[in-house]
Amino acid sequence: MKRFVLVYNPVSGHATFPRQLDEIIEAFDKRGAMLIPYRTKIDNSGLPDFIREAAPDGVIAAGGDGTLGEVVDYVVRHELKTPIAVYGSGTSNDFATFLNLTGGMDVKNAYFDRIVSGKTMPVDVGCANGRYFINVASAGMLTTVAHEVNVRIKNAIGKIAYYIRGIGEVPNFRALPLHIEADGSEYDVHAYFFVIVNSGTAGGLKNVAPLARLDDGKLDLIVVKKCSIPSFVALAKDVVSGNVRPDDPNLLYVQAKKITVDAGEAVEGDLDGEKGPSLPMTVETLPHAIEMFY
Ligand SMILES: Nc1ncnc2c1ncn2[C@@H]1O[C@H](COP(=O)(O)OP(=O)(O)OP(=O)(O)O)[C@@H](O)[C@H]1O
């Protein structure tokens, strides 16, 4: 009998996942597979031993991008060599969205079939100052905004909270003097923020990085340069509508294996939507570091 560790975050998104637990256990039971639940806590340092002990055919991360990122960090760091599935039950579920895994029970049941039959693909992982992430590393104005959003507000109204809080910050937009090295090329730009993405979906927005591929051995760096307010509004419109152009003059768009970003000060960073290392940040790609069910 195949068995899967179900790592579920009871509070992510609207804290609705616990109500779906019975349905999911039944879905795997029907497919002749066993689920071994692991309820996340603030400190999940016992997870690697739990996974080793269970010796599963895969680990399913049920939560948002933060939960998935944490599972990926443990799997890579502890060389657990187990394929990973994502069940998006967070606020924005960027990675699950990129893999077209969000939707109704039809989508989920088809995915459960593929998990049980073992359909996997290799996926790159990012490493930022020694911490692994699956989807996005970033820093700058927007990151601070996201971290300051009260968790309860975030749960209640989701990503809209980012914008509400963000709008309040507009007068405080501050550009950072970034020095960037990407695979040997150097760039100096005044920028509001940057994202380094693995998939093309970030911050609840699809197609933020039109060139991004999960298995190309590269990460995509997108830097939003300091610009006039009308230019910024036009760019924001393109981003929201999924029409980011890599050659947009207000962006620096670079694909690279290794990227270092320095702002000359310790600006707070973000990994997969959670607090990450501060700048300077060195991000490297680990090509095909994990297998993911898709
Ligand atoms: N039992 C728990 N009680 C309180 N917080 C928890 C618990 N388990 C995990 N967490 C916290 O949940 C956060 C991760 O949430 P996650 O990113 O998965 O969901 P989200 O923020 O709702 O979704 P998304 O990242 O997709 O927007 C982490 O900060 C983690 O510490």
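Start at P122, whose bridge partner in strand β15 is E291. Strands here are DSSP runs of E of at least two residues, helices are runs of H or I of at least four, and both are numbered from the N terminus. Residue numbers count from 1 along each chain as its sequence is written. Keep in mind that this is a predicted model: local features need pLDDT of at least 70, side-chain atom pairs count only at pLDDT 80 or more, and totals for chains, interfaces and linings use all residues.

Now select residues 120-128 and 281-293, strands β5 and β15, which run antiparallel and are joined by eight bridges. Two strands pair if DSSP finds at least two bridges between them.

Next, colour by domain: the assignment gives domain 1 as 2-118 and domain 2 as 131-286, with bounds that come from an automatic or database domain assignment. Where they meet, 17 residues of domain 1 and 21 residues of domain 2 take part in the contact, counted when C-beta atoms, placed from the backbone, lie within 7 Å. On the domain 1 side, helix α3 provides the largest share, eight residues.

Stay with α3, residues 65-77, and show the ligand: this helix also gives the largest share of the ligand's shell, three residues. Which residues come nearest to the ligand? Of the 19 around it, they are S12, G64, G66, G90 and T91; a residue is near if its C-beta atom, placed from the backbone, lies within 6 Å. By class, the shell has three nonpolar, 13 polar and three charged residues. Nonpolar means Ala, Val, Leu, Ile, Met, Phe, Trp, Tyr, Cys and Pro, charged means Asp, Glu, Lys and Arg, and the others, Gly among them, are polar.

Move on to F50 in helix α2, residues 47-54. Leaving out residues up to four places away in sequence, F50 touches V5 and Y38.

Finish at helix α9, residues 229-240, with your distance tool ready. The expected span is 1.5 Å times one less than the number of residues; for these twelve residues that gives 16 Å, in agreement with end C-alpha atoms 16 Å apart. Just after α9, G242 has a positive phi of about 75°.

Technical notes:
Two residues are in contact if their C-beta atoms, placed from the backbone, lie within 7 Å.
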